[in-house]
Amino acid sequence: LHPDAKTDQHSRFYDRYICASPRGDFVIAQRDSLPQMFDIRTGERVGIPDIDRGSLICAFHPTNPSILAICGADPPPNNKNRVLIWDIFQQKLIKQLDCDYKIPCSVCFSSIDEDHLIVSYGGFPTKTWDISTGKVVREFAVPPCGQLQLSRFHGILFSKRAEELCLWDIRTGELLAQLRDVHNEFALAAILPVGDKVVIATTRAEFMAWDLFDSNPARDGPYDELLAISRFGETVLDRPTRVPPFSVMELATNNPVLRMCFSPDSKFLLTGEANGWVNMWDVGTNETSANGVDLCGEHDVTDIHWSPSGEYITASAGDKIAVWNWAQGYVYLHDCKGANTAQFSPDSTKLLGGGRDGGGRVYIWDVETRKMIKSRSIDADTVGAARYSPDGRVICINSPNEDFCYLDSGSLAALYSFMQSSRMLAVSTSFSPDNN
C-alpha cells in the first residue's frame, strides 16, 4: 500500500493492520504504538489526530467516507480517555466524546441511526453516543464486551469476547442470543454484512457458521432475507454447524458436462452430459448415486432441472424432453423438436419446455397427467431458454427474434419484452430469488 513498503525491513514496521474504510479509500496501520493512515489510491500518508494509545481502536463511518472515530488518551499525568470524531478530508476535529477513565475496548457506528456511535468499555456499561450532540443516548443494561461488529441489514450488534458470542438489538439493548465457547475453541468470529450468519474460525483451523435465521430452502415459503428482528428469537439456532473445507469434486465420467444443478436439499449434484447421459452425484462422497443412461437418446443434454419437490428430474436433448422419477425408476418422454430447455414450475405440478417446433414454440405440460395444458408459438426459429419466476407468475423465454419475452404463466400471453445488445441466443437463464 505504501510506496516505501517494498522491503522486508520496512514492512516489519507496519505489522499491525487495523481496518480499511468501507469504500476502500483508506487503510489504517500501526507503527510501534503510533497509528498511521494511508490513501490507498496514492499511497500517501493522511493526517489523523495525535493520540497516546498502545492499541489502536477506530471505526470508519459506513456511508460518509470522511468520518473516522478513533479512541485515544490524554498524555500523562491526565490519562483521560476520549473518542475523537475526525473529518479526514478537511483534517479537523468534529467532536470529542469524553470517556473519563473508562478505557474503550471497541467502537462501531450504528446501522439504524448512523449519527450514533456504540462504544464498549472494559468493566463498564456499553454506551451509544450521538456524535452530533456529543451526548449519551443509550446504555446497554447487560453490556456487550470485547470486539463489536454490526450487520448492516438487520441492525444486529455482534460482540465477541473470550468465552462467548452475543447478539444484541441496538435499538433496545436487549440480548437476543448467546453462544458460549464451552471448549475455548473460538479464535476469530465475524458477522456477515447481511446479518444472517456468524462465521467462526476455531483454534483447530476449522470454520463454523452460526445460522441466525431459518434459511433452509426446504422450508415452506420463500426465505425472507429481510426477516424482521422481532422474529429473531423464534428462529435462532442453538449451535453452529461446521462448514466443510473447500474441495474439488472429481466426477468419474468420460462425457463432457454441459449442464448441472443441485437437488433441493443440496445433497446431490445432477449433471447433464454429452450423448444423452444424466448422472446424480452424492456431494459428500463424490460417487454416483443414480444415472439415467441414454435418457434422451444419444443427443447432448441441453437443459436439466430438479423439481422443487425433489421427486422428478427433467432433461432436454434432441427432439425429446424426458421426465425421470428417479426414486421409482420410470421415465416418460414428451416430443419437442430441437428441445433446448426444460424446467418445473415452483410448485412442481407443471413442466415447461421449448424448442424449434413450428418455428419456435413453448409448452406447458401437467406433470401427473402428462397432458399438454397450453402452448404458444413465438414466431422465431427456436426457443433458447425458458424459466419460471420464483413466484410462478411469469415465464421468461429467449429467442433470436424476440430476445427476452415475459409471458403470463397461466395464459402464456405476452406481457413485455426487451432486446439484448448481443443479439445472440441465450442457452441458460435464471431469476433472482426476489423475482425482480
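1. C166 has 3% relative accessibility and therefore counts as buried, the limit being under 20%. The model in question is predicted.

2. C336 is also classed as buried, because its relative accessibility is 1%. The structure contains zero disulfides, a disulfide being a pair of cysteine sulfur atoms within 2.5 Å.

3. On burial across the chain: of its 436 residues, 46% count as buried. The accessible surface amounts to about 22,100 Å², and carbon and sulfur atoms contribute 51% of that area.

4. The secondary structure consists of two helices and 37 strands. For contacts between residues at least 6 apart in sequence, 37% connect residues at least 24 apart.

5. Six aromatic pairs are counted in the structure. In the pair F268 and W306, the ring centres are 6.4 Å apart and the planes meet at 25°, so the pair is stacked; the cut-off for stacking is under 30 degrees.

6. F268 belongs to strand β22 (residues 268-273) and W306 to strand β26 (residues 301-306), so the pair ties together parts that are 38 residues apart in sequence. F268 and W306 are both buried.

7. Elsewhere among the aromatics, Y406, Y416 and F431 form a cluster linked by ring pairs.

Methods: Residues are numbered from 1 along each chain as its sequence is written. This is a predicted model: local features need pLDDT of at least 70, side-chain atom pairs count only at pLDDT 80 or more; totals for chains, interfaces and linings use all residues. Side-chain values use heavy atoms; hydrogens and water are left out. Rings of Phe, Tyr and Trp (its six-membered ring) pair if their centres lie within 6.5 Å; planes under 30 degrees apart count as stacked, over 60 as edge-to-face and the rest as tilted. Helices (H or I, at least four residues) and strands (E, at least two) are DSSP runs, numbered from the N terminus. Buried means under 20% relative accessible area, exposed over 50%, partly exposed in between (1.4 Å probe, protein chains only). Contact means heavy atoms within 4.5 Å. Accessible areas come from the Shrake-Rupley method with a 1.4 Å probe; for residues, only the protein chains shown count as cover.
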